[in-house]
Amino acid sequence: MSTGRPVGDRFRRFRDRLDAGTPAAGPAGSPRTGRGGRRRRGGEELRVPEAEFTSYYGRPILKAPVWKWDIAAYLFTGGLAAGSSLLAAGGQLTGRPALRRAGRVTSLAAVTASTVFLIKDLGRPARFHHMLRVAKPTSPMSVGTWILGAFGPVAGIAAVAEGAAVLPRRGLPGLVRRVAPPVGHAAGLAAAVTAPALATYTGVLLADTAVPSWHEAYPELPVIFAGSALASGAGVGLIAAPTRQAGPARRMAVAGAALELYGAHRVETRLGLLSEPYRVGSAGRLLRAGRALTALGVAGALLGRRSRTLSAVSGAALLGASVATRFGIFHGGVASAKDPKYTVLPQRERLERRRAAEG
């Protein structure tokens, strides 16, 4: 993604002169402007218009991300795949087959959708393959491609193993029927080990760009995405599993909601001016909806221990909250790249702090 060039010294001096009320042309004290450029002859006040952060020599300061809705959907499905695999591992280790089965099947479906969205953004399937030819630890995109490439096969094996029970008991199908469960268990645990990296690397990927409100939120984005992944996986368990098997899903819901709400609160309050894109417009509406749905989902998960209907409603609310949060973070970053003030003013503040520290 092209990030454009920074504001130049000439541009900053011009803005500083406007902010100070100095005219952009004409010497101070001339008959046209009066002394200091503040009044004309006869005492008429000359008001200098407020500086408008629109462009730099007729060009945008930053090139806004060209990513569309499919990348926002990719952020959600990747987290859903990771959270569902953790749910499946919890069901596997605690003897809850319905929870295990729901988590494995959902994980495979979600990681397949993630791969489709990523390839769609890359333009050609061959580009995904080409990214696997080189490993660059310094590139979040390269690392993420390898994480996705490692997670997908083991998630697929674990999900396919769930169908072994329908095979005949004799002959080659019978052998597959006996071998598939232990292989599926090993694959499911391998997917769960990879899941935290899959859930959080997209937050690192966004923060590694020059988009102001993403870049400045580098400590919070992985936390938000980890919480969103846990909450969405918990939603799957609450919808698909009987209430007597949904204990791990309820605990995941509480943990995921805590992380997600904490991170979202931080990006909306800690970043100063760069928090604004997360509070207004479509991003603000989506993040507020995400908070409301998260609270509803956690409350339903805790109160609906004996109600399958209430558990399913709370699970749907958690899934909706994850979608709203991911799309809200996405739109907030795009909005910050489109408005030059989110690039210019934080740069000024950093420059002033540096000068004050040196002085």
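Me: Which residues does Ser-85 touch, not counting residues up to four places away in sequence?
Reply: This is a predicted model. In it, Ser-85 touches Gly-103, Ser-107, Phe-151, Ala-191, Ala-192 and Ala-195, with residues up to four places away in sequence left out of the count. Ser-85 itself lies in helix 2.

Me: Why does Ser-85 count as buried?
Reply: The relative accessibility of Ser-85 is 4%. Buried means under 20%, so Ser-85 counts as buried.

Me: What are the elements of the chain, from the N terminus on?
Reply: They run α-α-α-α-α-α-α-α-α-α-α-α. The chain has 12 helices and zero strands.

Me: How much of the chain is buried?
Reply: Buried residues make up 47% of the 359 residues. As for the surface, the chain exposes about 17,900 Å², and carbon and sulfur atoms supply 60% of that area.

Me: Among contacts between residues at least 6 apart in sequence, what percentage join residues at least 24 apart?
Reply: The share is 73%.

Me: Where is Ala-89 found, and why does Ala-89 count as buried?
Reply: Ala-89 is found in helix 2. Its relative accessibility is 9%; the cut-off for buried is under 20%, and Ala-89 is therefore buried. Leaving aside neighbours within four places in sequence, Ala-89 is in contact with Leu-189 and Ala-192.

Me: Why are helix 2 and helix 3 called roughly antiparallel?
Reply: Helix 2 covers residues 69–93 and helix 3 covers residues 97–122, and the two pack at an angle of about 155°. Angles over 145 degrees count as roughly antiparallel, so that is the term for helix 2 and helix 3. Their axes are 7 Å apart, and their crossing is left-handed. The residues of this contact divide into 14 nonpolar, 10 polar and five charged.

Me: What makes helix 5 and helix 6 roughly antiparallel?
Reply: Again the angle decides. Helix 5 (residues 140–161) and helix 6 pack at about 155°. The cut-off is over 145 degrees, so helix 5 and helix 6 are roughly antiparallel to each other. The axes of helix 5 and helix 6 are 7 Å apart, and helix 5 passes helix 6 in a left-handed crossing. Sorted by class, the residues of the contact of helix 5 with helix 6 are 21 nonpolar, four polar and no charged.

Me: How do you know that Ala-180 is buried?
Reply: Ala-180 has a relative accessible area of 12%. Buried means under 20%, and so Ala-180 is buried. Its place is in helix 6, which spans residues 171–207. Apart from neighbours within four places in sequence, Ala-180 is in contact with Ala-161 and Ala-164. Ala-180 and Ala-164 are 16 residues apart along the chain, and their C-alpha atoms are separated by 6.3 Å.

Me: Why are helix 9 and helix 11 called roughly parallel?
Reply: The axes of helix 9 (residues 247–269) and helix 11 (residues 308–338) cross at roughly 30°. Angles under 35 degrees count as roughly parallel, so helix 9 and helix 11 are given that term. Their axes come within 12 Å, and the crossing is left-handed.

Me: Which residues make the contact of helix 9 and helix 11?
Reply: From helix 9 come Arg-250, Ala-253, Glu-260 and Val-267. From helix 11 come Ser-311, Leu-318, Ala-321, Ser-322, Thr-325 and Ile-329. By class, the contact of helix 9 with helix 11 has five nonpolar, three polar and two charged residues.

Me: What makes Ala-283 count as buried?
Reply: Ala-283 has a relative accessibility of 2%. Ala-283 lies in helix 10, residues 281–303.

Me: With which residues is Ala-283 in contact, leaving aside its neighbours within four places in sequence?
Reply: The contacts are Pro-277, Tyr-278, Gly-328, His-331 and Gly-332. Ala-283 and His-331 are 48 residues apart in sequence, and from C-alpha to C-alpha they are 5.3 Å apart in space.

Conventions: Residues numbered from 1 in each chain as written. Predicted model: local features only at pLDDT ≥ 70, side-chain atom pairs only at ≥ 80, totals over all residues. Heavy atoms only, no water. Axes fitted to C-alpha atoms, helices over the stretch in contact; angles between N-to-C directions. Helix = DSSP H or I, 4+ residues; strand = E, 2+ residues; numbered from the N terminus. Parallel < 35°, antiparallel > 145°, perpendicular 65-115°, else oblique. Left-handed = near helix turned anticlockwise from the far one by under 90°. Nonpolar A, V, L, I, M, F, W, Y, C, P; charged D, E, K, R; others polar. Buried < 20%, exposed > 50% of the residue type's maximum accessible area, 1.4 Å probe, protein only. Contact = heavy atoms within 4.5 Å. Areas by Shrake-Rupley, 256 points an atom, 1.4 Å probe, with all protein chains shown as cover.
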